[in-house]
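Thanks for making time this morning.

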Amino acid sequence: MAVITESTLIKKKTVGKKIFVHLLLISISIFMILPFFWMLITSLKPMQEVLHVPMILFSRNMGLFNYSDVIDRGVWIRLWNTFLVSFLATVLRLFFCSLAGYGFAKFRFPGRNILFSVLIASMIVPLAVTLIPLYIMMVNFHWIDTFLPLIVPGAASAFGIFFMRQYIRSIPDELLDAARIDGCSEFAIYGRVILPIITPGLISLGLIFFMQVWNDFLWPLVILKSPEHQTLPVMIATLTGQASTVMYHLQMAVSVISITPLIIIFLIFQRRFTAGITFGAVKG
Amino acid sequence: MKRNWGEVKKNKWAYVFISPFYILFAIFNIFPIIFSIYLSFTKWKGTGPKVFVGLENYRRLIADPVFWQSIRNGFIIFFLYVPIMTLLALVLAVILNAKFVRFFRVFRTMLFIPYITTMVAVGYVFRMLLNAKGGLFNTVLTSIGLPAVPWMENIWWARVSISLLIIWAWLGYNMVIMLAGLQTIPKDLVESATIDGANQVQAFFHITVPLMRPIILFSVILSTIGSFGLFNEVYALTASGQLGGPMRATITPLVYIYQQAFRNFNFSYAASISYVYFAIILILALLQLRYFGRED
């Protein structure tokens, strides 16, 4: 009898614990999703209802008017700019990173350790240190208000090379030797043997790069001067500067346009994306 | 030496493959860093000749209360969010790693989604939510009988607001990393400890935390660099009013560098700020490595 009560007690306790844990997870998840919900409903509200006292959650006046307003203000060209810059930067980075990753993973050349240490050390240099001199350099290159500063200086990411080196190291040498015997050049080995094998890794890393460039703010903010060259994050931030009031209703419409592609891409490639994030951290 | 040269020749393709990084690194990192040292010893407003002034900028910097305020803010914000976020991420990872949790994928996705979204965009959402009048947070607080909070209007609450935004954005990222770390810990280790009579809290602090130390270190170092280099969060919450406000409570070193360079055009002074800032975070990262890295 005593045994039964004890076991039911434990069972009750664990059921209680399970419910508590799930309630905790649900409330945290709601807190995580809340800002997106708020973004969406604000983008549908007229300006005077955004920070109305008392608060208005839904109203009859909601509609897509803010979207037509930001379309008139040129949101599509900014979306195209953001996409173009993110795409070009990602492709270029993936090419240089996989190439260098192959070099570090599969060749034992003099100076390799020193060069690799330089690569790792370069990751410590924060943006703040290069921001000003690099900006002055871009002025002298006449690259201000072009997309080149967003694509070229970061084209070979140290993190990406490290990532690719770890990835390519697991490819057996025999595979490469076989290709060499067949008379393939080193570049052909990269193209025909390495690239097909590392495609999953390239997707993981590419998703991280794409997201980083898409969301980048400070550097595009100082580089892109004319409105028609802006990216979406810069457009969101500068929509406030023009009038004395903060135009949340318009900012939220642009924000929805800015985050929707990322969320769709993330939901499709979620496994590859989290694999990329954790590969860098846990292996590093 | 001759043999070495032969090795170089044999591996010439490797040098070709890795060269893009070093070429770009030299042009866009090494050269600017050196140029920036020179710049920090001059007085230059963006146009005209650069006047050599020696250590003048550094002398000014040491006496500049705003600079020291920005460093202090970095520390304060770090302590406001890092312990809470790290512990919460670890606890959530342990919970999600438990077998009995249902909808594991759904929860993980929900927690992770803030990380992938545009910070400036959600920063402005938080600015609305935190608005003193008509904002959601205060509306909820007053409706359940609690006093309204002066979120972005009081120096301490402003820092709390920034921390809240950072925790929201980065909790899922840290949790996913810790989850991956947890999966490398053999499960029977924790199980055998609980059989030996340790309760789950004890098992957490005596087994999980020590084994997870490298991952925790990774996350804490990233957060250190992150809290001194905060920009997007501060910009979204405070720009078009007083950037870094109220009363400079949320100005970080990077925000100050931006202000000096791109609002006041004191490029040379901003360069000297960036050097002192770099030295400080380098020292902090090394201290943390020593502190956490001992006993290994």
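Let me begin with helix H7 of chain A, residues 158-169, which has 12 residues and reaches 16 Å from its first C-alpha to its last, close to the 16 Å expected at 1.5 Å a residue. That expected span is 1.5 Å times one less than the number of residues, and helices here are DSSP runs of H or I with at least four residues, strands being runs of E with at least two, numbered from the N terminus.

Before going further, a word on the basis: this is a predicted model, in which local features need pLDDT of at least 70 and side-chain atom pairs count only at pLDDT 80 or more, while totals for chains, interfaces and linings use all residues. Residues are numbered from 1 along each chain as its sequence is written, and chains are lettered from A, with ligands numbered from 1, in the order in which they are written.

Coming back to H7 of chain A, 9 of its 12 residues are buried, where buried means that 20 or more other C-beta atoms lie within 10 Å of a residue's own, exposed means 12 or fewer, and partly exposed lies in between, with C-beta atoms placed from the backbone. Among those buried residues are A:Phe162, A:Phe163, A:Arg165 and A:Ile161.

Which residues does A:Ile161 touch, leaving aside its neighbours within four places in sequence? They are A:Cys97, A:Ala100, A:Gly101, A:Phe104, A:Leu119, A:Ala156 and, from the other chain, B:Phe21, a contact being two C-beta atoms, placed from the backbone, within 7 Å. A:Ile161 and A:Ala100 are also the residues with the most contacts inside the largest nonpolar core, which has 148 residues; such a core is a set of buried Ala, Val, Leu, Ile, Met, Phe, Trp, Tyr and Cys residues joined through C-beta atoms within 7 Å. Helix H8 of chain B, residues 155-182, gives the most to this core, with 14 residues.

Turning to the contact between the chains, 76 residues come from chain B and 71 residues from chain A. On the side of chain B that touches chain A, helix H2 of chain B, residues 12-40, gives the most, with 16 residues. By class, that side of chain B has 57 nonpolar, 17 polar and 2 charged residues, where Ala, Val, Leu, Ile, Met, Phe, Trp, Tyr, Cys and Pro count as nonpolar, Asp, Glu, Lys and Arg as charged, and the others, Gly among them, as polar.

As for chain A as a whole, there are 13 helices and 0 strands, and 39% of its 284 residues are buried. Its C-alpha atoms fill a box of roughly 80 × 75 × 35 Å, taken along the principal axes.

Finally, some backbone details in the loops. A cis peptide bond, with omega about -5°, joins A:Val53 and A:Pro54, and A:Pro54 sits in the loop between helix H1 (2-43) and helix H2 (65-72) of chain A. In the loop between helix H5 (127-140) and helix H6 (148-151) of chain A we find A:His142, which has a positive phi of about 60° although it is not a glycine. A:Asp145 lies in the loop between H5 and H6 of chain A and has a positive phi of about 70°. A:His142 is exposed, with 9 other C-beta atoms within 10 Å, whereas A:Asp145 counts as partly exposed, with 15 C-beta neighbours inside 10 Å.
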